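Dear colleague,

I am handing over the structure we spoke about, and it is placed directly below this paragraph. Please read the notes after it with the structure open beside them.

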Amino acid sequence: MGAGVRRFDGKVIVVTGGGGGIGSATCKRLAEEGGKLAVFDLNLEAAQKTVAAIREAGGTAEAFSCDIADRAAVDRAVAETEARLGPIDVLVNNAGWDVFLPFVKTAPPQWDKLIAINLVGALNMHHAILPGMAERKRGRIVNVASDAARVGSSGEAVYAAC
């Protein structure tokens with residue numbers, strides 16, 4: 001994973017949605033910079049693939065199955081992370097989900113799921129991790145968001161609102 005001092009050497013970093021796409025790429029890059037990655041994903045197999053790639057490159061990572069919309073699951077995954085890797089220094093809220101339909105063709109159960117994942121999930125992660133950061137007087141939180149939040153997006157009304 002490279003020599004010399006790296007900007008995240010020894011830092012414990014949680015990335016939600018770390019099993020796929022942007023989340024996986026983020027995990028790998030942060031590991032290259034020396035971070036100890038906690039790869040959170042609803043899909044444990046996807047998280048394990050990201051972890052395998054990080055370890056193969058010489059990095060440190062652990063996979064955690066976590067439904068960020070479920071506060072009890074978040075608390076369990078955070079506690080497991082701290083037990084295995086140490087206190088959390090960085091949180092990257094990356095997980096998200098969407099359904100592409102005109103608003104009038106959506107239904108309340110879809111809204112509930114979108115809100116639970118894209119809004120409540122991030123709040124759950126903040127609420128579980130921020131107290132430890134405040135107590136240690138250090139830490140960083142990065143919230144990944146869509147441009148749909150700023151300008152809206154056709155077929156993504158509830159997603160954009162979250």
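This is a predicted model: local features need pLDDT of at least 70, side-chain atom pairs count only at pLDDT 80 or more; totals for chains, interfaces and linings use all residues.

As for overall dimensions, the C-alpha trace spans about 55 × 30 × 30 Å along its principal axes. A compact globule with 162 residues would have a radius of gyration near 15 Å, and the chain, at 16 Å, agrees with that.

The five strands form an open sheet with parallel pairing, and their order across it is β3-β2-β1-β4-β5. The edges are taken by β3 (60–65) and β5 (140–143), each of which has a single partner strand, so one side of each is left without a neighbour in the sheet. On average, and with direction ignored, neighbouring strands of this sheet are turned by 15 degrees against each other. Between β2 and β3, which run parallel, there are six bridges; as for individual residues, Val 39 has Ala 63 in β3 as its bridge partner.

Helix α1 lies across β1 (12–16), β2 and β4 (90–93), and its direction is at about 170 degrees to β1. Helix α3, which covers residues 71–85, lies across β1, β2 and β3, and runs at about 155 degrees to β3.

The part that may interest you for your own work is the largest pocket, which holds about 810 Å³ of space. It is lined by 32 residues, and those closest to its centre are Asn 94, Ala 95, Gly 96, Trp 97 and Asn 118. The elements that contribute two or more residues to this lining are α1 (21–32), β2 (36–41) and α4 (108–136), and the largest share, five residues, comes from α4.

With best regards

Conventions
Residues are numbered from 1 along each chain as its sequence is written. Side-chain values use heavy atoms; hydrogens and water are left out. On a 1 Å grid over the protein atoms alone, a cavity is a set of points where a 1.4 Å probe fits but cannot get out, and a pocket is an open set with protein on both sides within 12 Å along at least five of seven lines; lining residues have an atom within 4 Å of a point. Grid points are joined across faces, edges and corners, and a volume is the space filled by probe spheres set on the points. Helices (H or I, at least four residues) and strands (E, at least two) are DSSP runs, numbered from the N terminus. Two strands pair if DSSP finds at least two bridges between them. Axes are lines fitted to C-alpha atoms, for helices over the stretch in contact, and angles run from 0 to 180 degrees between N-to-C directions. Contact means heavy atoms within 4.5 Å. The radius of gyration is taken over C-alpha atoms; the globule rule is 2.2 Å times the number of residues to the power 0.38.
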